[in-house]
Amino acid sequence: MSKKHEIQFLKKQKTINETSIITKEHEVYLKKVKSTKRRIVITRILILVIFIALWQIAANLKWIDPFLTSSPTRVVKSFVSLYEDGSLFKHIGITCYETILGFSLGTILGALIAVILWSCPLVSKILDPYIVVLNALPKVALAPIIIFWIGNGMPAIIVIALLISVVTTVISVLTGFNEIDKEKIMLMNTFRASKMQILRYLIFPYSIPIFISALKINVGLSWVGVIMGEFLVAKDGLGFLIVYGGQVAQLDMVMMSIVILSIIAFIMYEIVAFTEKKLVNDKN
Amino acid sequence: MSLLKICDVSLNYHSIKGETQALNKVNFEVNEGEFISILGPSGCGKSTLLNIMSGLLEPSNGYVLYKGEDIRNNLDKIGYMFQKDHLFEWNTVWENVILGLKIKKQLNNESKERVTELLDTYGLLRFKEHYPSELSGGMRQRVALIRTLALKPEILFLDEPFSALDYQSRLLVCDDVYNIIKTEKKTAIMVTHDIAEAISISQKVIVLTERPSNVKVEIPIDFKNDDLTPFQKRKNPLFSGYFNRLWKELEKSNE
């Protein structure tokens, strides 16, 4: 009887495969999906192009004051001049370095703390209100203190970025750990698995999607921490360019930095999203 | 001598609101090679009893003996199967069935060969590299059983192993699991609330009372033909007699 059951199951799979011989109707459907996709991409690009064109035209025709709002050509000019004096990539590099270090350290440290709290439920219970307070506290408020403690430099900025992401990571990863079916842990107990083995074979693989989603959130949070830190430390980086540009009334420089910032933030997010796709979706 | 002996097992649950007595002096014995079902009204502590018998939970009073020795010194002899298959979705069928071996550091050529043989016998070898999400419910349950059998347990504890399946696959998987356990010559103890399932699969049904539960009655089941599958037993004329009797026992225990 089980054989019959299996054959039925195999047949079901076969019919799924057979539908891959494309019928007319299916072809029309596929075409429609494709054209919708294309239309979405084109519209996206169009919005950007129209926005930039309008910005330029409005500035040229003096509808808006280019001193206050800058304009695409001014942004490009500012970009070129910084590029020529060789400091542009230094600033971009420093900001990226701080951000990457901030969110990866924040994620790793957060995950580590979550593992410790998971393995000592009593400690986790005792510390719960403190974690809630730390989570509610706007971490940038600590920035001046950290600069005093660590010194006016890059380490302070990285610590600020790390602090911003570490508490949310602890909370989201710990919640993920505790959501695991209790019976799965019992199953591991019937194998007499040690706590380390439960972590290795059950909790970690189960939590990969949770780590990645924490990483995704942390990328965004880290940018906030780094830019804030650079505002305060004010030596290098895109945050410094923004503050400096504001102080010397060079709004072109500010706008340019913001444009670069959005592009890099977008790219970084896409990299994480791509990793997620590779790691999570491939398995299912 | 009996393989497993349950002596005066009691268990109390504690909560802030008070103490609940779940089990009260449960006594029975299991012989080698037997298939026993524990039947009882829902919430009567059947699964709790199973957890105590398998050494996962410590009783408040009493003890469980395996061949005359405390079960907790013989934890390697037991295998446990849950209501849900609890296969790890991120692992292939193969990685799932060798999980227990890997954890117990018993993964070697001999054990690998044995697992391969089990997969082959029960029609799962060609799905070795598949992920659980690609299997049907019945196949998943069989994989879970092989994962348990891979560790060569002497006694199997089954906690409502079919109740997560739809009716049709339940009957099919019931036959499968019964055959596998019979061919591998294992002793098995199953907890269920399904009267028909208990009659069709086991040689003895133990009925528990309401909480605080103890053994109400032990009813041996004999169809006079050991080769009948659970499915065939359901159609046997003796079946309805057993059904009515157990139904009445359960009814009384609900009073």
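This tour moves through a two-chain region of the model, one selection at a time.

The model is predicted, so local features need pLDDT of at least 70 and side-chain atom pairs count only at pLDDT 80 or more, while totals for chains, interfaces and linings use all residues. Residues are numbered from 1 along each chain as its sequence is written, and chains are lettered from A, with ligands numbered from 1, in the order in which they are written.

Begin by colouring chain A by domain: the assignment, which is automatic or taken from a database, gives domain 1 (2–64) and domain 2 (73–281). The centres of these two domains of chain A, taken over C-alpha atoms, are separated by 32 Å.

Next, select residues 195–233 and 237–247 of chain A, which are helices α10 and α11; helices here are DSSP runs of H or I with at least four residues, strands are runs of E with at least two, and both are numbered from the N terminus. The axes of α10(A) and α11(A) come within 7 Å and cross at roughly 50°, and the two helices are therefore oblique to each other (under 35 degrees counts as roughly parallel, over 145 as roughly antiparallel, 65 to 115 as roughly perpendicular, and the rest as oblique). Axes are lines fitted to C-alpha atoms, for helices over the stretch in contact, with angles running from 0 to 180 degrees between N-to-C directions. To see where they meet, show Val226(A), Ile227(A), Gly229(A), Glu230(A) and Phe231(A) in α10(A) together with Gly237(A), Gly239(A), Phe240(A) and Val243(A) in α11(A); residues are in contact if their C-beta atoms, placed from the backbone, lie within 7 Å.

Now turn to chain B, which has nine helices and 10 strands. The C-alpha atoms of chain B fill a box of roughly 50 × 45 × 40 Å, taken along the principal axes.

Select the places where the chains touch: 20 residues of chain B are in contact with 20 residues of chain A. On the chain B side, α3 (99–103) and α6 (167–183) each supply at least two residues.

Methods
Two residues are in contact if their C-beta atoms, placed from the backbone, lie within 7 Å.
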